[in-house]
Amino acid sequence: MDYANLISGGHPQALPEDRPLMNSRVLGMVNFGPVFQKPVLEEGSPFLSLRMTSADEKGFVEQWTAGPAQASVSGDLVYAHDGEYLFCAAEIPASERCRNLTRETYLAAFELMDELGYPRLFRMWNYIPRINEDNADGLEIYRDFCAGRSEAFELYGRRRHLPMPAATGIGAQGGNIAFFFLSCRSGRVTFLENPRQMPAYTYPRQYGPRSPSFARATCVQHDALGVLNLYISGTASIIGHETVHRSDLMRQCDVTLENISLLIGRDNLIRHGIETPADLTLRDVDFIKVYVRHAEDIPAVRRRCREAFAPHANIQFLNADICRSDLLVEIEGIIT
Ligand code: 3EB
């Protein structure tokens with residue numbers, strides 16, 4: 001099995017065309033554009049379109065490639081796998097309360113991972129329209145989503161060991177809730193926490209009936225290939241469990257960047273038993289997505305991020321609501 005190829009090509013690429021060329025090595029594609037379309041197989045590959053831009057913005061397509069892949073559909077799940085990696089995308093159908101369908105769709109995804117033999121879940125993305133609005137019971141939609149997701153991890157965890165992966169949980173401009181994830185068969189996965197942030201799954205009750213289910217990052221290693229990838233979760237201006245610098249955009253950017261630096265820094269990696277040939281810094285982060293609550297803040301955030309990250313880093317800026325109403329910016333990325 002040639003997963004060296006996934007390592008070099010298995011990361012999001014912004015493609016020049018609206019529709020990328022298809023090939024059998026495509027594990028999945030996600031369009032960040034103006035229209036929502038639930039996951040389908042398009043020319044043999046999983047394809048999900050998220051509504052993450054306004055009608056006049058072009059957006060971009062993220063493409064995950066691997067070894068020769070087999071693709072299929074099972075209920076709401078659309079997926080492809082190559083022997084080492086599984087990509088799966090799903091829509092959570094609309095409802096007045098999303099908790100139950102979130103739990104059921106997550107459970108179906110966990111079962112699929114298990115059946116196909118890719119149990120090591122390492123990275124998930126969740127896109128949630130109206131994330132800060134209330135559901136029919138007056139519960140914020142994000143909190144309702146977190147409840148269903150947490151129940152799924154708890155229920156499944158009783159049958160099979162299933163640690164929480166790195167994740168993003170962020171707003172979308174329309175459509176239904178959708179998620180996609182990556183899991184693997186034999187890679188060595190290590191889940192990281194941030195020394196100055198409380199683990200999200202232990203956040204106190206004030207943030208909702210059930211805590212968010214995610215780790216701050218996942219390290220995926222294929223020792224025989226000398227491969228180490230670090231998937232950094234959506235990261236924001238949170239210290240302990242509290243939002244800091246409530247209405248100060250630039251300070252929120254700085255705390256977010258500091259949080260990422262600490263997460264990937266030498267001391268934290270050692271603490272988690274990870275050895276890297278060189279110290280990792282913000283300059284090593286690539287395939288970055290920066291979510292900005294207010295569109296008019298994007299230019300200032302762009303300037304700050306351009307300074308902080310390497311000049312060649314692929315950075316996409318998206319206007320999106322963030323899971324806490326007082327957060328103005330959130331940043332995710334990958335180190336390869
Ligand atoms: C935080 O640290 C900010 O619910 O999956 C970041 C990454 C956040 C993932 C999720 C939420 C999620 O709590 C928000």
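Q: Which element gives the most to the shell around the ligand?
A: This is a predicted model, in which local features need pLDDT of at least 70, side-chain atom pairs count only at pLDDT 80 or more, and totals for chains, interfaces and linings use all residues. Residues are numbered from 1 along each chain as its sequence is written, and side-chain values use heavy atoms, without hydrogens and water. Both α3 (141–159) and β9 (166–172) supply at least two residues of the shell; such elements are DSSP runs numbered from the N terminus, helices being H or I runs of at least four residues and strands being E runs of at least two. With 3 residues, the element that gives the most is β9.

Q: Which residues surround the ligand?
A: A residue is near a molecule if one of its heavy atoms lies within 4 Å of it. By this rule, the ligand is surrounded by Y142, R149, A167, T168, G169, Y203, F214, R216, G234, I238, C323 and E330.

Q: What is the distance from a polar side-chain atom of R216 to an oxygen atom of the ligand?
A: A polar contact is a pair of N or O atoms within 3.5 Å; within protein, one must be able to donate a hydrogen and the other to accept it, and residues adjacent in sequence count only if both atoms are side-chain atoms. R149 places a polar side-chain atom 2.7 Å from a ligand oxygen, and Y203 also has a polar side-chain atom 2.7 Å from an oxygen of the ligand. For R216, the corresponding distance is 2.8 Å.

Q: How much of the area that the ligand exposes when taken alone does the protein bury?
A: Accessible areas come from the Shrake-Rupley method with a 1.4 Å probe; for residues, only the protein chains shown count as cover. Taken alone, the ligand exposes 350 Å². The share of this area buried by the protein is 100%.

Q: Where does the ligand sit?
A: A pocket is found on a 1 Å grid over the protein atoms alone, as an open set of points where a 1.4 Å probe fits, with protein on both sides within 12 Å along at least five of seven lines; lining residues have an atom within 4 Å of a point. A molecule sits in a pocket if more than half of its atoms lie within 2 Å of its grid points. By these criteria, the ligand sits in the largest pocket.

Q: Is E140 buried or exposed?
A: E140 is found in the loop between β8 (120–129) and α3. Leaving out residues up to four places away in sequence, E140 touches I131, N132, E133, D134, C323 and S325, where contact means heavy atoms within 4.5 Å. Buried means under 20% relative accessible area, exposed over 50%, and partly exposed in between (1.4 Å probe, protein chains only). Because its relative accessibility is 11%, E140 counts as buried.

Q: What is the relative accessible area of C88?
A: C88 belongs to strand β7 (residues 85–92). Apart from neighbours within four places in sequence, C88 is in contact with L77, V78, Y79, L112, F179, F180 and F181. C88 is classed as buried because its relative accessible area is 0%.

Q: Which residues does T105 touch, not counting residues up to four places away in sequence?
A: T105 is placed in helix α2 (residues 99–116). At 6% relative accessibility, T105 is a buried residue. Its contacts beyond that sequence range are L77, A90, E91, I92 and F179.

Q: How far apart in space are A71 and R266, C-alpha to C-alpha?
A: A71 is part of strand β5 (residues 70–74) and, at 31% relative accessibility, counts as partly exposed. Its contacts, leaving aside neighbours within four places in sequence, are L41, G44, P46, Y79 and A80. R266 is 195 residues away from A71 in sequence, and their C-alpha separation is 39 Å.

Q: What is the phi of H245?
A: Most residues other than glycine have a negative phi. E43, in the loop between β2 (37–42) and β3 (45–51), is not a glycine and yet has a positive phi of about 45°. H245 lies in the loop between β15 (242–243) and α4 (249–264) and is partly exposed, with a relative accessible area of 34%. Although H245 is not a glycine, its phi is positive, at about 60°.
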